[in-house]
Amino acid sequence: MTELKEFLEKNIDNDFRRILISNARKKEGTSKMQVRPVLVREQVCYQVTRTEGTKEIHKNFQKEDLIRYLCQEMTENFRQLQLEGRCVQGTVLVSKKGRMSIKTKNIQKQGKNKEEFPAMLSHNRTKKYLLQEGIPVPWLIDLGVMSPDGKVKHSKYDKFKQLNRFLEFIRDILPKLPRDREIRIIDFGCGKSYLTFAMYYYLKVLNNYDIKVTGLDLKTDVIETCSRLAEKYGYDKLEFLQGDIASYEGADQVDMVVTLHACDTATDYALAKAVKWNASVILSVPCCQHELNRQVFNETLAPVLEYGILKERFAAILTDGLRAQVLTTAGYDTQILEFIDMEHTPKNLLIRAVKNQQAKQDTQQQKAWEECVQAFHVHPSLENLLFDIDKGECK
């Protein structure tokens, strides 16, 4: 084992990418293993992934402990080890009689192929999330996103990235929220409340903001589960209520209104509530814009809109564009931004509106909005909830 130990000590370095261990000696138990470097709390460690049947089991090691572990596994359980690095490849084979052979091959990449084999470590350093992978977070574990050791589950990685992306938007608007009093936040249509817990954890636990957060949803069982979790973690300023967005009257003043994938006109009710509360910040990721899809008609675009999928996408763009313009008319600096890559979710646009106390009503903009509505023969819910067309001003 001395030769194997020296081989691993020499080649598990900053250029190391991964180790693959296979050819198990026994049919039961672990069939293969993989090792890769990861950053945990800004320190390099090595993650071993063992495959047992359909399960994958993860454990992190420091270098010395990893080498001892691999030497033991190659002595007792496996016959083949392959090491890959930027500059070297190595193969370890163990015969049935226990004889070990180690072969190494130096790699020299030149010209345009030089970056063909990047070091895993440098790749990890680009992944800087507000919620860090490798650091266990109780609610992420209980909601099934993380394993107890802080590893993000493969099936939930898109959700993990989505949460971090939304928190980045929240971080950007923090200067617009008060610091001299309690900040009131409502998450309409909170569902399983991944985002609600994320906001509370990021603002209250990590950054010590004085906040009160309310999650509202129609599903009683979901609200009961989330309420139990909030109590379990001691999140005393996080509450969950069962109810409908349209009829909610539980607050007189709200600083930030959030909606993540509130379906169809539920988004409009949430936006209308936010404007009437004079909320400082609105963050809304719309979903399922069916309303205008049933209404939209335009003679010039009729040949295009006869195709169902194109009509659906156009109606969604028209819906969110008109929503953004109404918010602008109501005195908000409004943007429509890409929330997350399209490959992760097709519902990837976010409406971000920040209250501008100096904003003045733009009659030309209002006229353009009315002409657009008339051109496509639509009547958005937000028009009825918030906007008085006859008077040319917000209700």
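A: Helices here are DSSP runs of H or I with at least four residues, strands are runs of E with at least two, and both are numbered from the N terminus. This is a predicted model, where local features need pLDDT of at least 70, side-chain atom pairs count only at pLDDT 80 or more, and totals for chains, interfaces and linings use all residues. Residues are numbered from 1 along each chain as its sequence is written, and side-chain values use heavy atoms, without hydrogens and water.

Let's follow helix α11, which runs over residues 308-329. Its 22 residues reach 31 Å from first C-alpha to last, close to the 32 Å expected (1.5 Å times one less than the number of residues). Buried residues (under 20% relative accessible area, with a 1.4 Å probe and protein chains only) in α11 are A315, A316, L318, T319, D320, L322, R323, A324, V326, L327 and T329.

Together with V304, Y307 and L310, I309 makes a nonpolar surface patch of about 370 Å². Patch residues have over 30% relative accessible area and no salt bridge, and nonpolar side chains are joined within 5 Å; areas come from the Shrake-Rupley method with a 1.4 Å probe, and a salt bridge puts a Lys or Arg side-chain nitrogen within 4 Å of an Asp or Glu carboxyl oxygen. Just after α11, G331 takes a positive phi of about 100°.

The buried residues of α5 include F160, L163, F166 and I170.

Terms used:
Buried means under 20% relative accessible area, exposed over 50%, partly exposed in between (1.4 Å probe, protein chains only). Patches are made of residues with over 30% relative accessible area and no salt bridge: like charges are joined within 9 Å, nonpolar side chains (Val, Leu, Ile, Met, Phe, Trp, Tyr) within 5 Å.
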